[in-house]
Amino acid sequence: MIRHHPDEAMLMAQAAGTLASGPALLVSSHLEGCARCRLAVREFEEVGATLLLAERPAPLPAGLFERVLARTESGEPPAPAPRITPRPPLPAGMEWPRALRHARVSRWWWMAPGLRWARVRLPYDPDAGVFLFRIAAGKCLPPHTHAAQELTQVLYGAFDDGRALFSAGDFDAADDAVHHQPVVRAGGECICLAAVEGRVVFDGALARWAGAAIGL
Amino acid sequence: MTPTSRSAPPGTDDDGADAGGSVSFTLLHRLRARRLMDSPDRLDGLDALMLAVARDGDRAAFAALFAHFGPLVKSWLMRSGTSDSAADDIVQDTFVLLWNKAHQFDPARARVAAWLFTIARNLRIDRLRRVGDAGAMLDDAALDDLPAPDRPADDALGARRAEQRVRWALSQLTADQRHLLQLNFYEDRSHSDIASQLALPLGTVKTRLRRAAARLRELLHDHRP
């Protein structure tokens with residue numbers, strides 16, 4: 001059961017199409033598993049439709065409809081399938097979120113004992129700070145806070161960061177008010193997708209160095 | 001109806017494009033489209049037009065939808081920062097996609113206005129992304145909806161009453177809340193843009209936006225026509 005969701009403003013921005021690409025990717029991957037948030041987005045889309053209907057019409061150039069008709073008659077070439085680039089291995093039974101189909105994902109890099117990470121690059125926004133973290137059972141991320149905002153979608157397993165338990169399907173937004181140390185439960189490893197805006201500030205010097213090395 | 005059979009809808013050979021550039025279709029079609037538009041609830045009329053497109057490949061209904069929505073979609077695109085010519089391109093793409101995907105239209109799930117809004121929104125995002133990287137085209141699948149959410153019949157935004165419900169909910173917000181939603185939801189202003197425009201701290205803007213969005217949803221669920 002999903003207990004943690006994006007807030008209403010984020011779902012609204014998703015419906016409006018105004019989220020930055022990193023956060024939009026995180027929210028999309030949450031929506032794949034969350035009927036409740038899909039309903040909310042649909043409702044905000046209805047708000048968008050109502051605002052659309054209230055627009056003052058802007059003139060279209062002559063002949064635009066004819067161009068539409070011509071294209072419907074000639075038939076559109078099928079959209080190219082996304083090129084799936086090689087992906088690092090996942091635990092058995094876990095699948096890649098559909099939201100990542102355009103992304104390039106690096107191999108799993110070692111960060112600390114029991115802690116690996118992969119860089120997720122969006123071809124349309126290479127600077128977007130999106131990462132995967134893979135944390136072994138019973139291990140933890142170093143304690144840290146965030147310069148701006150960190151969004152996390154749990155893809156597999158579960159962690160507890162002292163505030164709450166986050167399981168597969170859960171979404172978390174942490175900002176500079178949150179200082180936490182996610183600890184993975186003993187039962188199994190945990191894989192999270194994270195979008196980071198601004199730097200993550202780790203407590204220890206070594207962790208800070210590791211964070212800087214991977215661009216957090 | 002399959003996408004292939006859609007490309008040559010039946011009974012529409014007299015609807016060809018004319019060189020004059022204006023929307024053209026026969027008088028008979030025009031009258032039929034008008035009748036659909038004038039059904040008791042105008043919005044149901046728009047959905048009826050879309051159904052005619054979906055079921056019969058009705059080009060007159062398609063032309064009427066274009067005439068109604070094309071200028072509205074363009075206006076919205078320009079308000080959210082799209083240039084005039086890019087907006088025309090997106091309007092064009094939106095209606096090509098609407099035609100090609102018409103068989104997926106289900107008025108029980110969403111009214112045509114909402115469907116068009118999501119198509120235009122996705123195409124706008126797609127275009128913004130392509131400016132960054134030519135290889136990053138949204139594939140077709142990105143425009144398909146995920147499975148419909150389970151919703152209790154009583155509590156859902158039924159397509160039929162959605163318009164009244166949304167209008168009512170928006171009218172119940174404070175003027176400040178409406179303004180904030182308008183800026184963020186509709187004009188694509190970032191939180192920090194809004195903060196500087198309203199001379200408010202960023203945290204305050206975020207909190208108020210969260211509250212306004214949550215209040216709007218509560219109202220959408222409270223409404224009992």
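A residue is classed as buried if 20 or more other C-beta atoms lie within 10 Å of its own, as exposed if 12 or fewer do, and as partly exposed in between, with C-beta atoms placed from the backbone. The model is predicted: local features need pLDDT of at least 70 and side-chain atom pairs count only at pLDDT 80 or more, while totals for chains, interfaces and linings use all residues. Residues are numbered from 1 along each chain as its sequence is written, and chains are lettered from A and ligands numbered from 1 in the order in which they are written.

Pro143(A) is partly exposed because 16 C-beta neighbours lie inside 10 Å. Pro143(A) sits in the loop between strands S4 (125–135) and S5 (144–146) of chain A; helices (H or I, at least four residues) and strands (E, at least two) are DSSP runs numbered from the N terminus. Its C-alpha atom is separated by 19 Å from that of Val130(A), 13 residues apart along the chain.

Chain A also contains an open, antiparallel sheet of three strands in the order S8-S7-S10, where pairing requires at least two DSSP bridges between two strands. S8 (165–167) and S10 (183–184) of chain A are the edge strands, each pairing on one side only. Strand S7 (residues 158–160) of chain A is joined to S10(A) by two bridges, and Phe159(A) has Val184(A) as its bridge partner in S10(A).

Between the chains, 58 residues of chain B are in contact (C-beta atoms, placed from the backbone, within 7 Å) with 54 residues of chain A. H4(B) provides the largest share of the chain B side, 10 residues.

Note on methods. Contact = placed C-beta atoms within 7 Å.
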